[in-house]
Amino acid sequence: MTTTLPDKTLLPDDVADLRAAARFVREHDSADLLPLLLPGLDGPDLRALAGRCRFAHAGLLVFPPDVEGLRAQLAACELDIDTPSHPSVVVRERLARRHGRDPAELDVRILRPPVYGSAGQRRAVEVFALTVPPHSGLEGIAAHERARRHEAHLAFEIDHPEPVALRGLCAILVRHGARPDGGGYNPHEDGTVLYFTLPTEASCAYGRLELYARGDHRDTLAHLDRPDRFGRARPDARPPAETLLHLLTGAWTTQALAAFARLGLPDALQTRTASRPEDLARRTGAQPRSLAVLLRHLAMIGAVAEEREGFRLTELGALLRADAPGSMRPLALMYGGPFYRSFGGLDHAVRTGQPAFDQIFGENHFDHFARDPELASLFDQSMAASARMFQPLPTHPVITAAAQSPEPATVVDVAGGNGELLGRILSAHPRLRGVLLERRHAVEAARRRLDAGGCGARCDYQVGDFADVPPGGDVYVLSRVLHDWDDDRCRAILRHCARAMPTHADLLVVERLLPADGSPSLATAWDLHMLCNVGGRERRADHYARLLADAGLELVGHSSLPLDAHVLHARRAAVPDPVTRRG
């Protein structure tokens, strides 16, 4: 069916803008586009942004009189007229602020017809459609917005949007002249947008940049300058003293989240309906006024939302429920418990190079936890709470090659904790067998987990230390082990693995990697944690390559995982690629 343009006074400018946006999206990518937007951007900052931010779309606001008018605009630009749409909460609110209108008067939809880059990358033109029926009184808004192009922007999607890394990327943008310009969380698509006004020197017709991060990141928005009542960025940045004060009180937030978990509040709250502090106090045994003070702080950081009826749980806060898949409650209890105490001795660790944990508790954390079954269990649960980083591992080429081998292959998980990673691998590949090497209490926990997951019959368990790495496996895994130790101990662990590995075997090492260019990373924070609590360290990829070489192993490559982690692939030196051989 042919659709005609119903209103020739409203549509032609929109069609030209749509065509220009589609052409722009086809012709550019992140590496060449970012320096145009942020003059002077180069070196580590450019690599950090280009490595984490994928150019996703060009966005603009159009003003069709109705749904058929919007379809006509898309058809005229050879864009998919059947692209689904949904309400745009963020743009509706921004328009309402700028023009002093009730948001309920504005019908703003968002849709993303696909456009493909020069190398076939799937991108889009993000179309915000404000319906402007004839004689509706909204024509003035359309004229103003067409002239000012407030909503025209270029968007980049962030891979693995962890809070620390996201704030670091925002800091780079601000450092190069971009000004925070609002944003918000859209519950319809579970995504957060962070807007920035580009510097006037930008060599581009678009004046704004958008970072898009999957999930609820309103806490990151709170760290950016708030827009004024017209939706514009405030010219004055937060004073240094205020910034420092926010940083100094970060420990209070750690304890607020730990208390939130210890009191069982995430389990007592609902995500859709609000509860009064008085009712929550009765259910959790808390004092009502004190509980209200805690909840207001938690609302400020996004763990709960304050509404007229009381407080409800957010997606972020739900991660602290005891029964949530991948619950982070054990991490809250650990970071607000023994590791919180040990950070009080960080200056000792910096002065002496010795873990503050050992000074405060009188022994290293491995021995301390081993003597306390409850703490040992909490530590193992806290390790499992970061299991999101394991999600892509069962599809790693080394694992899939082993699973497709003519003979059943064996995966050996060295110091495999409670079996979380090995269980994922065995569940994904029913032909694989597993061996888990661990301390006695951890072996029992792993046995229960793997039995419950239906993998126990294909797994053997060995109680022992690194010197007891079982020989004869096809794939060996060291997950979050090496960062616990100094270089000499790491070399010894890797040599134990190398001696046990047949010539065809692979080694996968899961760790966080310190960025070579100093860009923001969770690994930088964890490096401080390892110094204070364990005596180990995080390392760069080239550092791991040297340790592997000292043990007779060769680093083949590494790839990224969620939560700022990486998997390094190593094999015996001078052995042909086992993935190719098996294939």
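**Exercise 1. Work out how H3 and H7 pack.**

H3 and helix H7 (residues 163-175) pack at about 130 degrees, with their axes 10 Å apart. Helices here are DSSP runs (H or I, at least four residues; strands are E, at least two), numbered from the N terminus. Axes are lines fitted to C-alpha atoms, for helices over the stretch in contact, with angles from 0 to 180 degrees between N-to-C directions.

Before going on: this is a predicted model, where local features need pLDDT of at least 70, side-chain atom pairs count only at pLDDT 80 or more, and totals for chains, interfaces and linings use all residues. Residues are numbered from 1 along each chain as its sequence is written, and side-chain values use heavy atoms, leaving out hydrogens and water.

Step 1: the angle makes H3 oblique to H7 (under 35 degrees is roughly parallel, over 145 roughly antiparallel, 65 to 115 roughly perpendicular, the rest oblique).

Step 2: H3 passes H7 in a left-handed crossing (near helix turned anticlockwise from the far one by less than a right angle; clockwise is right-handed).

Step 3: on the H3 side, the contact (heavy atoms within 4.5 Å) uses Asp 45, Ala 48, Leu 49 and Arg 52. H7 brings Ala 165, Leu 169, Ile 172, Leu 173 and Arg 175.

Step 4: sort them, and you get 6 nonpolar, no polar and 3 charged (Ala, Val, Leu, Ile, Met, Phe, Trp, Tyr, Cys and Pro are nonpolar; Asp, Glu, Lys and Arg charged; the others, Gly among them, polar).

**Exercise 2. Now do H3 with H2.**

Step 1: the axes of H2 (residues 30-37) and H3 (residues 43-52) come within 9 Å and cross at roughly 125 degrees, so the two are oblique to each other.

Step 2: this crossing is right-handed.

Step 3: Ala 31, Leu 34 and Pro 35 of H2 meet Leu 46, Leu 49 and Ala 50 of H3. That gives 6 nonpolar residues, with no polar and no charged ones.

**Exercise 3. Classify H12 against H13.**

Step 1: their axes come within 9 Å, crossing at roughly 110 degrees (H12 is residues 277-284, H13 is 288-300). That makes H12 roughly perpendicular to H13.

Step 2: Pro 277, Leu 280, Ala 281 and Thr 284 of H12 touch Pro 288, Leu 291, Ala 292 and Leu 295 of H13. The tally is 7 nonpolar, 1 polar and no charged.

**Exercise 4. How far can you trust the chain?**

Step 1: pLDDT (the predictor's confidence in each residue, from 0 to 100) averages 87, and 93% of the residues score at least 70.

Step 2: flag residues 1-12, where pLDDT is below 50; this stretch has 20 contacts in the model beyond near neighbours in sequence.

Step 3: flag residues 225-237 too, with pLDDT under 50 and 22 contacts beyond four places in sequence.
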